[in-house]
Amino acid sequence: MRKMTTLLAVLCGLSMALAASEEAQAIGIGFAPSSITASAGDSFFLDVVVTDLAGGIVSAYDLDVIYDATLLSATSVSFGPLLGDVGTFQVLEDFDLSTPGVVDLAQLSLLSDGALASLQPDDGFVIASLGFSVGTTGSSTIGFSFDAFNDVKGVRASVLDVVAGTATVRPPGAPIPEPTAAAVFGAGILVVSWRHRRDRRSS
Amino acid sequence: MRRPFRRSLAGFSARWLAPQVVALLLAATSFAAQPDSKGTDFWLMFPQNYSGGSELSLFITGDVAASGTAAVPGIGFTTPFSVVPGTVTTVVVPPGAQASVSDVIQNLGIHVTSDQEVTVYGLNRIQYTTDAYLGLPTDILGTEYINQGYQNVNVVNGTLFGVVATQDATTVTITPTVTTGARVAGVPYSILMNQGQTYQLINGDSYPADLSGSIIQSDKPIGVFGGHQCANIPQGFVACDHIVEQLPPTSTWGTAFVTEPLATRLAGDTWRILASQDATSVSINGVPVATLARGQFHETVLTGASVINSDKPVLVTQYSNSSSFDNVTSDPFEVVVPPFEQFLASYTITTPATGFSTNFVNVVAPTATVGSVLLDGIPIPAGSFSPIGASGFSGAQVPIVLGNHSLSGPLPFGITTYGFADYDSYGYPGGLALAEVAELASLVVTPESATNPVGTEHCVVGTTLDQNADPLPGIRVDFEVTGVNPSSGFAFGDAAGEATFCYTGTNPGTDTITGSVGALSDAVTKIWTEEAPERCDVDGDADIDYDDVSAIFAARGSVASGPDDPRDADGNGIINVNDGRICALVCTEEACKSISPPPACGLFGIEPFALVGWAAWRRRWRRGSR
């Protein structure tokens with residue numbers, strides 16, 4: 001049974017990798033750290049990280065970060081400077097924490113693609129830092145939700161394909177499990193579903 | 001009156017006008033100024049009627065409330081008048097104001113002044129011998145006329161013309177067509193007249209004496225009246241009637257006419273076509289009928305609606321025949337028929353208050369407007385109109401009741417008002433423009449070609465010039481658009497002789513825009529191209545900057561208000577950061593007028609401020625995360 005589980009995990013991981021490799025422009029967007037240990041009354045910060053830019057840029061984005069509102073509360077959003085300096089009107093920024101379970105954050109750079117290319121490292125960077133507080137101790141997952149209004153833009157305002165990651169929050173002392181077959185499968189489904197929506201929208 | 005010129009955005013189509021374009025023009029037509037028969041200052045006269053006591057009246061109407069004075073200074077007559085819109089004011093003029101002798105200068109000029117533009121009709125009535133004329137304001141009078149009245153036929157011989165001077169020390173030179181007393185046919189003679197003085201020449205010789213064709217020139221503007229004391233029309237048919245018309249100067253004559261027969265008449269009407277230049281070719285319904293010398297006329301009887309064309313300016317007059325011509329209740333009158341380039345789009349007319357129980361208005365209108373011409377605010381039924389050949393015009397004989405009436409249409413049209421009684425009649429044109437179309441030597445439409453995106457307004461200018469290349473103001477230029485955006489319109493020229501016509505193309509492709517005045521025309525080309533709606537300029541201030549992108553960013557997550565929502569840069573119906581980024585890339589100023597970053601120092605290709613900012617932000621975040 002364990003071998004079967006491992007095989008399924010490998011297959012799903014391959015499918016995810018294949019899906020992600022269909023287009024060279026796919027970038028990764030996830031959280032750092034990807035695993036947080038916290039209990040009721042704790043606060044923690046989570047970076048929203050762009051990876052695998054491979055020479056590309058992020059020129060704008062509008063993201064919904066989804067969390068379990070029965071356990072967590074979003075408390076703050078701090079934007080990184082690599083889409084421009086807000087103090088000198090190089091970037092537009094906005095976030096919304098009013099909906100429990102959702103952090104809506106967006107940046108729109110007013111800089112040229114060239115300026116952004118100079119500004120942003122090839123391997124990726126932090127676009128924002130999210131603050132959370134733990135209301136009830138428990139395990140939960142933080143991820144992204146995409147719809148027609150959520151995009152990540154690249155060169156010439158092109159829509160970037162995204163491989164979205166997640167972060168987990170668990171109580172102190174809880175074992176850190178190996179990726180189970182179900183978790184790997186679920187991640188694969190998330191990516192495929194996202195890419196499917198993107199293809200349908202672009203068509 | 002020649003009013004200050006304003007440009008018209010709307011136009012006139014004599015032909016091919018689509019109903020939707022009519023609606024467009026109704027909305028867009030401005031009250032373009034043009035020289036016409038309305039005015040605030042008139043010098044008029046009453047040439048001599050047959051015999052007995054004439055009842056002389058002036059009928060005064062106006063589109064707005066007006067007040068003024070009617071006077072005959074030579075006989076000490078002065079009376080004030082006021083005009084209420086929609087009504088007719090009648091001013092009774094003493095019988096002594098009628099010219100009473102031939103070849104004598106008298107002080108019988110009638111001066112009408114008003115504080116607002118009015119229309120003035122003169123009625124000279126003796127039972128069984130009556131006619132009316134449309135008075136022409138002083139500001140459109142000219143210095144050259146050719147008389148058109150009617151001949152003597154040995155029943156009552158009294159072919160005549162009259163002259164009224166509008167300024168002192170006016171020298172009038174007359175070349176009569178027939179020897180009249182001491183005035184020898186073909187030999188010019190001059191008289192000196194002062195303001196308000198009148199002069200008439202009556203020839204009482206036997207058939208076929210006719211002062212028609214007599215040339216009357218002056219060094220200052222004058223008014224000229226043609227007619228006959230009591231004409232029998234045509235020759236051989238008796239029952240005479242006074243005929244009189246105030247004649248338009250030759251500079252306002254035209255080359256294209258559409259005619260409508262008089263109602264009730266069974267055998268047609270008599271028509272005369274008078275030339276102002278030598279070698280004038282005239283055709284009726286496409287058939288050449290005469291080549292005329294200056295001062296010559298062609299006379300014919302037309303039984304149906306007709307089209308009259310000439311290659312040089314002519315004056316066309318319509319005559320009601322003597323009642324014996326077809327034995328119906330009627331009698332002669334003379335009426336000037338305007339060329340269709342001198343039509344107006346609205347008129348206020350009146351019948352005599354008494355004496356004529358049968359009254360009509362003949363209407364000739366662009367066929368496309370049939371059903372849209374209003375009489376007292378009510379459409380004249382389309383069924384009343386009949387097409388006039390292939391002219392693009394249709395004509396109707398419309399009965400009217402006693403009193404004043406208003407007519408209006410979406411496009412210029414022509415009218416003749418007339419009435420019959422037992423052995424009596426009257427008739428006059430309801431009004432006309434009096435631009436100097438006869439002086440027109442060239443019409444040039446510009447630009448010769450242009451390319452514009454669909455959904456935008458495009459204008460062309462038709463410039464009217466005389467033979468010296470001087471502008472001719474007030475001339476109506478008709479425009480017709482053929483191609484992918486068929487349309488029509490008209491505009492009156494301004495002081496520079498420029499008539500501007502604008503329209504909006506909705507279909508991509510090529511249009512040909514033809515401007516025309518009578519027989520003159522010029523065509524230009526317009527190419528309409530597809531173009532997406534203006535995007536990004538959200539605040540409509542003709543640039544794309546931080547404010548616009550901010551507005552889009554603030555609206556992210558909403559649905560576009562429509563296909564032309566400037567915030568929806570990618571046109572996908574929703575507003576998101578993609579739209580904002582698209583617009584940020586096309587900002588009018590670099591970085592959307594934001595403060596530009598300092599130039600890169602070359603260290604890893606990253607600008608120093610960015611490194612500083614990034615490091616500071618990381619320090620801040622790490623402090624906060626601890």
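**Chat on a predicted two-chain model**

User: What is the mean pLDDT of chain A?
Analyst: The mean pLDDT (the predictor's confidence in each residue, from 0 to 100) of chain A is 78, and 73% of its residues reach 70 or more. This is a predicted model, where local features need pLDDT of at least 70 and side-chain atom pairs count only at pLDDT 80 or more, while totals for chains, interfaces and linings use all residues. Residues are numbered from 1 along each chain as its sequence is written, and chains are lettered from A and ligands numbered from 1 in the order in which they are written.

User: Where in chain A is the pLDDT below 50?
Analyst: Residues 1-24 of chain A are below 50, and that stretch has 21 contacts in the model beyond near neighbours in sequence. Residues 196-203 of chain A are also below 50, with 5 such contacts. Two residues are in contact if their C-beta atoms, placed from the backbone, lie within 7 Å. Where pLDDT is low, the predicted coordinates should not be read in detail.

User: How do S6 and S7 of chain A pair?
Analyst: Strand S6 (residues 91-96) of chain A runs antiparallel to S7(A), joined by 6 bridges. Two strands pair if DSSP finds at least two bridges between them. A:Asp94 has A:Ala106 in S7(A) as its bridge partner. The two strands form a hairpin with 5 residues between them, and A:Gly101 in the turn has a positive phi of about 90°.

User: Now chain B. How many helices and strands?
Analyst: Chain B has 4 helices and 40 strands. Of its 626 residues, 55% count as buried, where buried takes 20 or more other C-beta atoms within 10 Å of the residue's own, exposed 12 or fewer, and partly exposed is in between, with C-beta atoms placed from the backbone. Among contacts in chain B with a separation of 6 or more, 74% join residues 24 or more positions apart.

User: Why is H3 of chain B largely enclosed?
Analyst: Because 8 of the 8 residues of helix H3 (residues 577-584) of chain B are buried. Among them are B:Val577, B:Arg581 and B:Ala584.

User: What covers H3(B)?
Analyst: The cover of its buried residues includes strands S4 (60-66), S7 (102-109) and S10 (151-153) of chain A, together with helix H2 (546-554) and strand S40 (574-575) of chain B.

User: What does S18(B) pair with?
Analyst: S18(B) pairs antiparallel with strand S19 (residues 287-292) of chain B over 5 bridges, with B:Val282 opposite B:Ala290. Their hairpin has 2 residues between the strands, and B:Asn285 takes a positive phi near 55°. S18(B) also pairs antiparallel with strand S21 (residues 306-320) of chain B over 3 bridges, where B:Ile284 has B:Ile308 as its partner.

User: What is the order of the open sheet with 5 strands?
Analyst: The order is S32-S38-S37-S34-S35 in chain B, with mixed pairing. Strands S32 (449-453) and S35 (487-492) of chain B are the edges, each pairing on one side only.
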